[in-house]
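Here is a short briefing to read alongside the model. Please have the sequence at hand as you go through the points.

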Amino acid sequence: MRVVAADLALICAGTFAQKAQPILELAGHKVLYPFLEIEMVSTALSSIPCWEMEEPKAPLKRSLGRHIPHDMVYRPKSGFVDPKGEVFFSAEFVGYLRSAVESTSPLSHLLEKKPIIKSCELLARKKVLPCQTLNLLWAIAFTDRWYRTAFENS
């Protein structure tokens with residue numbers, strides 16, 4: 001259990017939160033991550049033996065349940081992922097990704113076109129790409145679609 005808690009505190013939170021830190025600091029912001037302070041991590045790790053774990057995430061659910069409606073905490077949940085990654089191989093997704101590098105795309109001027117086009121070719125041939133690459137491609141396609149939708153309707 002300590003390994004899982006340490007992973008969440010120091011790897012997941014540390015990696016994703018801290019990646020933005022230099023960008024924010026360069027923009028003149030002072031960034032603090034109280035959940036990564038040694039005292040906070042030590043407190044969390046030392047309290048693990050006291051946690052009642054009759055179900056996954058039980059301490060978090062009990063804590064949330066005190067402040068939000070019960071049915072919002074205790075409900076079936078699933079991650080925001082396609083477990084087989086099939087969405088990336090669909091012609092629709094590849095088409096959205098290709099359109100993100102077209103001159104009509106609101107993102108076009110920000111993107112390196114060649115790697116994205118190469119990724120489209122690989123996905124069209126059902127080649128599996130690293131999850132970090134898929135995350136980036138998803139963000140590009142989603143953001144392009146979002147901008148197009150937002151500006152079409154305004």
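Leu60, Leu64, Ile68 and Met72 make a nonpolar surface patch of about 340 Å². Such patches join nonpolar side chains (Val, Leu, Ile, Met, Phe, Trp, Tyr) within 5 Å, from residues with over 30% relative accessible area and no salt bridge; a salt bridge is a side-chain nitrogen of Lys or Arg within 4 Å of a carboxyl oxygen of Asp or Glu. This is a predicted model, where local features need pLDDT of at least 70 and side-chain atom pairs pLDDT 80 or more, while totals for chains, interfaces and linings use all residues. Residues are numbered from 1 along each chain as its sequence is written, and side-chain values use heavy atoms, without hydrogens or water.

**Around the patch**
- Met72 lies in helix α4 (residues 70-73); helices are DSSP runs of H or I, at least four residues, numbered from the N terminus.
- Met72 is partly exposed, because its relative accessible area is 48% (buried is under 20%, exposed over 50%, partly exposed in between; 1.4 Å probe, protein chains only).

**Lys61**
- Helix α3 (residues 58-65) holds Lys61, which counts as buried because its relative accessibility is 16%.
- Leaving aside residues up to four places away in sequence, Lys61 touches Glu55, Pro56, Val73, Tyr74 and Lys77 (heavy atoms within 4.5 Å).

- Phe93, Val94, Leu97, Ser99 and Ala100 are buried in helix α5 (residues 91-100), and their cover includes α6 (113-124) and α7 (131-152).

Notes:
Helices (H or I, at least four residues) and strands (E, at least two) are DSSP runs, numbered from the N terminus. Patches are made of residues with over 30% relative accessible area and no salt bridge: like charges are joined within 9 Å, nonpolar side chains (Val, Leu, Ile, Met, Phe, Trp, Tyr) within 5 Å. Accessible areas come from the Shrake-Rupley method with a 1.4 Å probe; for residues, only the protein chains shown count as cover.
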